[in-house]
Amino acid sequence: MKKLLAILLSGLMLMSVMSVVAWAVDLPDISEIESDEGTTFYALVIDASIGTTGSCDLQLCALNVNDINHRGLCTASAKADIELLSLNGLITIDDIAMGDIIALTYTGDVLEVYPSIITDTTRVYVVDHVDTLAEVASLLPDNYNGYGNYIPAWNVFASVPESLDYSVSGEKVTLSWRITSDETYTVYYKRSTSDEWKVAGTTSKHKVNILGLKSGISYDFRVEILGQDSEVVTVITE
């Protein structure tokens, strides 16, 4: 019996270690950094920009480590005179960046729109930083329906190309775009008269060559990243 109990305990410890490793982000206990006043929750900074009033406008994805009321997309504003800090000390609003994992404290209301609006931010505490969504996949809310549907196109990690450029050389088409992510792009093509899309290839760069097309045919092309599709461009081969 003792041996069985030891095996079970070791298994539980292993599962605990595995879960921490899978997260790849070491979040402090929220109670350790919770403010004496207000409500604090964890969020991924999707976008951070200085607004016309000099405050930092934040677009956030509140994480699944929060309670049910603080999971999902939201926005907040951080003024320069609130408490701003990181694990390394005091920061300014210019230091808050896309990819930061923050603990945000507020004393105002939550406006129930989409995304919800957090009012009266009193503190932003930067506790970590990530460069790709893959690093925080298990931290995202449980109810998201794939990255593309849950995280909007303005997410720097998953944004699709805003425009596709192309060149034609005989039966070869070269597609290019301004790179927006270090994730993998999938390039699709089809004859304009067909409804069947085919995969031309994948790349983490900003350009791809599609070979073996037929001369004088109209083709449609699109680029997909993390479930989101770019515009469709139509090209006629020479």
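Visitor: Two strands pair if DSSP finds at least two bridges between them. Which residue stands opposite serine 116 in strand 8?

Guide: Cysteine 74 does. This is a predicted model, with residues numbered from 1 along each chain as its sequence is written. Local features need pLDDT of at least 70, side-chain atom pairs 80 or more, while totals for chains, interfaces and linings use all residues; side-chain values use heavy atoms, without hydrogens and water.

Visitor: How do strand 3 and strand 8 pair, parallel or antiparallel?

Guide: Parallel, over two bridges. Strands here are DSSP E runs of at least two residues, numbered from the N terminus.

Visitor: And strand 2 with strand 3?

Guide: Those two run antiparallel, joined by seven bridges. Strand 2 covers residues 56–62. Cysteine 61 has leucine 73 of strand 3 as its bridge partner.

Visitor: Why is strand 3 called largely enclosed?

Guide: Because five of its seven residues, within 72–78, are buried. Buried means under 20% relative accessible area, exposed over 50%, partly exposed in between (1.4 Å probe, protein chains only).

Visitor: Switching topic. Where is valine 113?

Guide: In the loop between strand 7 (110–111) and strand 8 (116–118). Valine 113 counts as partly exposed because its relative accessibility is 47%.

Visitor: How many bridges join strand 10 to strand 11?

Guide: Five, with strand 11 spanning residues 172–176. Serine 169 stands opposite lysine 172 of strand 11.

Methods. Helices (H or I, at least four residues) and strands (E, at least two) are DSSP runs, numbered from the N terminus.
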